[in-house]
Amino acid sequence: LAGTLRADLDVDHIGGATGSVRSADRVPARLDPHAERAPFWPIEAADRQREKVHVMNRNPLRPVAEADIRAYEEDGVVCLRGMFDREWTDRMRAAAIRFMESGIGRKRIVQKPGETARFYSNVFMCALDPDFMAFRNQSPVAEIAAALMRVDRVRFWYDQIFIKEPGTSAPTQWHHDLPYWPFRGEHLVSLWVAFTPVTKAS
């Protein structure tokens with residue numbers, strides 16, 4: 001069995017950022033071998049050295065419990081806390097802010113009249129940035145998605161990021177994603193990952 005994954009990444013407070021990962025046939029431990037052929041920025045020697053020093057978790061820090069899976073099946077949503085280590089969230093928060101400041105990609109910026117704060121979004125970051133490629137290939141997102149859908153492989157579709165700077169009143173409108181997605185069936189999941197602490201106030 002295989003399913004499709006979309007994962008969201010979020011940084012909210014200090015210059016906030018959010019992102020999504022939408023998935024392609026992947027065994028929880030690895031991706032389709034052809035996936036690496038997408039163009040991306042070269043990884044510098046310093047990045048390679050960092051990979052050796054900081055061993056980030058490839059598997060969830062805790063198992064996805066049967067109760068979690070049932071909650072997802074019954075409610076269509078479940079909150080899974082403590083699945084990623086601090087190295088991942090710190091690395092991806094920095095990557096998200098760097099990506100926003102670079103000005104590249106299919107960016108969308110909403111800025112309300114009279115405000116300096118922005119609501120920024122972008123897509124397909126892993127095709128352009130090695131940190132997002134690493135998050136797609138090496139983080140626990142695929143294993144979490146596979147567990148929730150009760151499948152042994154997931155297909156990565158795409159990733160997306162949302163960054164709300166402090167003070168913006170630009171809302172995230174209520175919407176339904178399925179009309180935008182070219183898929184049928186029940187094996188489709190979106191994972192939202194916070195890169196900064198998230199509270200009801202934020």
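Helices (H or I, at least four residues) and strands (E, at least two) are DSSP runs, numbered from the N terminus. Read along the sequence, the protein chain of this predicted model has the pattern β-β-α-α-α-β-β-α-α-β-β, which comes to five helices and six strands. Residues are numbered from 1 along each chain as its sequence is written. Because the model is predicted, local features need pLDDT of at least 70 and side-chain atom pairs count only at pLDDT 80 or more, while totals for chains, interfaces and linings use all residues; side-chain values use heavy atoms, with hydrogens and water left out.

Confidence comes next. The pLDDT is the predictor's confidence in each residue, from 0 to 100. The protein chain averages 77, and 72% of the residues score at least 70. Among its elements, α2 has the highest mean pLDDT (96) and strand β2 (residues 17–26) the lowest (38). Over residues 11–53 the pLDDT is below 50, although this stretch has 147 contacts in the model beyond near neighbours in sequence. Contact here means heavy atoms within 4.5 Å. Where pLDDT is low, the predicted coordinates should not be read in detail.

Now the chain as a whole. A residue is buried under 20% relative accessible area, exposed over 50%, and partly exposed in between (1.4 Å probe, protein chains only). Of the 202 residues of the protein chain, 42% count as buried. Among contacts between residues at least 6 apart in sequence, 77% join residues at least 24 apart.

In soluble globular proteins, nonpolar side chains tend to be buried together. A nonpolar core is a set of buried Ala, Val, Leu, Ile, Met, Phe, Trp, Tyr and Cys residues joined through side-chain atoms within 4.5 Å. The largest one in this model has 35 residues, and those with the most contacts inside it are F84, F132, F135 and L148. The elements that give two or more residues to this core are α2 (66–75), α3 (86–102), α4 (130–138), α5 (141–149), β5 (153–164) and β6 (188–194). Its largest share, seven residues, comes from α5.

F84 lies in the loop between α2 and α3. With a relative accessibility of 19%, F84 counts as buried. Leaving out residues up to four places away in sequence, F84 touches N57, L61, F135, S139, P140, V141, I144 and V193. From F84 to N57 there are 27 residues in sequence but 6.8 Å in space, C-alpha to C-alpha.

Helix α2 has two faces to look at. Its buried residues are D68, I69 and Y72. Seen down the axis of α2, these fall within an arc of 100° (taken from the directions from the helix axis to the C-beta atoms), so they line one face of the helix. What covers them includes α5 and β6. The face turned away from this buried side carries the exposed residues A67, E74 and D75. Just after α2, G76 takes a positive phi of about 80°.

S121 belongs to strand β4 (residues 119–123). S121 counts as buried, at 10% relative accessibility. Apart from neighbours within four places in sequence, S121 is in contact with R106, K107, R108, I161 and F162.

C79 is exposed, with a relative accessible area of 51%, whereas C126 counts as buried at 6%. The structure holds zero disulfides, a disulfide being a pair of cysteine sulfur atoms within 2.5 Å.
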